[in-house]
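These are my notebook entries on one structure. I shall record what I looked up, entry by entry.

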Amino acid sequence: MSLKYEPELDHVGFDWSRDAATIEAYLLGRRVQILTKVGFYLEYGTPEEPGYIGDLASIHLIREIAGILARAAAIVVDGGFKAPHRLIATLRAVEKDPSLVRSKRVEPEALGSLASSYQRADEPRGTFWFDVTEPSTPVRPTADRIRAAAKEAIRRLKAEAKRGRPKKLMLDHLAFELRGIFLRFNPGAKRRSVHSADRNGRPRQVEAGPFIEFLKEVTAPLNNYLRSLPNSHGERGPLSPAYIARIAISSDLEEYGRRFGGSNA
């Protein structure tokens with residue numbers, strides 16, 4: 001059964017001043033719990049102990065984690081890694097109503113795909129991309145040209161969908177970076193299965209362990225942010241700490257490290 005995607009015409013970008021500050025404030029409010037679960041106090045001692053010198057280091061660590069979460073949010077909202085069929089849904093709406101490109105709320109990756117497919121006449125596509133993306137451009141694209149660009153962009157995205165595209169860059173980023181944080185204070189980032197029960201009391205297996213507990217704590221403000229996104233957005237969460245942990249200990253993640261982050265082990 002194929003998924004039905006809604007057009008994203010109410011896009012709100014990640015606000016690096018407001019949204020990042022909200023994430024950091026949440027983490028600072030949970031500093032003791034986070035530091036406990038990552039093992040920080042085992043290395044630095046606790047604030048109650050004489051000669052404790054970990055206060056500044058703990059603030060730097062919390063701010064580093066906040067930066068990791070903020071980048072993850074920016075990747076999922078503005079990073080350009082949405083599924084092709086999600087972009088196609090937005091482009092079909094633009095094809096139906098070309099005036100939407102002036103609304104400033106069309107999802108930016110879809111708008112970029114439209115701009116790269118746009119032509120004024122017979123020049124190479126995308127030459128005058130700013131006709132689409134810049135409201136102040138002296139040449140206003142006609143409705144027919146917008147429709148033609150939308151059709152071409154849809155054709156290209158369908159071809160990309162067949163080849164496959166990156167689907168979990170945000171999760172790879174979180175897994176790689178948060179694993180690196182955890183391994184500063186722990187010899188490994190393992191997980192284990194334990195017996196539990198669902199809401200109806202039926203037995204089930206769940207994944208647990210110190211690394212997953214740490215992930216539950218630090219991903220909470222990111223989940224809050226994702227839940228605040230418009231309903232049309234495809235990545236509203238919640239993120240699964242257990243799934244992030246599985247990615248973090250997989251060998252596939254090393255390729256992400258080589259391409260984007262070096263080695264954090």
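Which backbone oxygen does the side chain of H173 reach, and at what distance? I found that the side chain of H173 reaches the backbone oxygen of I68 at 2.9 Å.

Before going on, I noted that this is a predicted model, in which local features need pLDDT of at least 70, side-chain atom pairs count only at pLDDT 80 or more, and totals for chains, interfaces and linings use all residues. Residues are numbered from 1 along each chain as its sequence is written, and side-chain values use heavy atoms, with hydrogens and water left out.

Entry on H173. I located H173 in helix α9, residues 169-183. Helices here are DSSP runs of H or I with at least four residues, numbered from the N terminus. I then looked up the accessibility of H173: its relative accessible area is 4%, so H173 is buried. Buried means under 20% relative accessible area, exposed over 50%, and partly exposed in between, with a 1.4 Å probe and protein chains only.

Entry on α5. I read helix α5 as residues 84-96, which is 13 residues. From its first C-alpha to its last, α5 reaches 18 Å, close to the 18 Å expected at 1.5 Å a residue. The expected span is 1.5 Å times one less than the number of residues. I noted that α5 is mostly covered, with 10 of its 13 residues buried. Among them are P84, R86, L87 and I88.

Entry on R86. I placed R86 in α5. R86 counts as buried because its relative accessibility is 15%. I also looked up Y5, which lies 81 residues from R86 along the chain; their C-alpha atoms are separated by 5.6 Å.

Entry on α4 and α10. At what angle do the axes of α4 and α10 cross? The axes of α4 (residues 55-78) and α10 (residues 210-227) come within 10 Å and cross at roughly 40°. Axes are lines fitted to C-alpha atoms, for helices over the stretch in contact, and angles run from 0 to 180 degrees between N-to-C directions. I therefore recorded α4 and α10 as oblique to each other. Angles under 35 degrees count as roughly parallel, over 145 as roughly antiparallel, 65 to 115 as roughly perpendicular, and the rest as oblique. In contact (heavy atoms within 4.5 Å), residues of α4 including I65, L69 and A72 meet residues of α10 including F214, V218 and P221.

Entry on α10 and α11. I found that α10 and α11 (residues 241-248) pack at an angle of about 120°, with their axes 9 Å apart. That makes α10 oblique to α11.

Key: Helix = DSSP H or I, 4+ residues; strand = E, 2+ residues; numbered from the N terminus. Polar contact = N/O pair within 3.5 Å; in protein donor to acceptor, adjacent residues only side chain to side chain.
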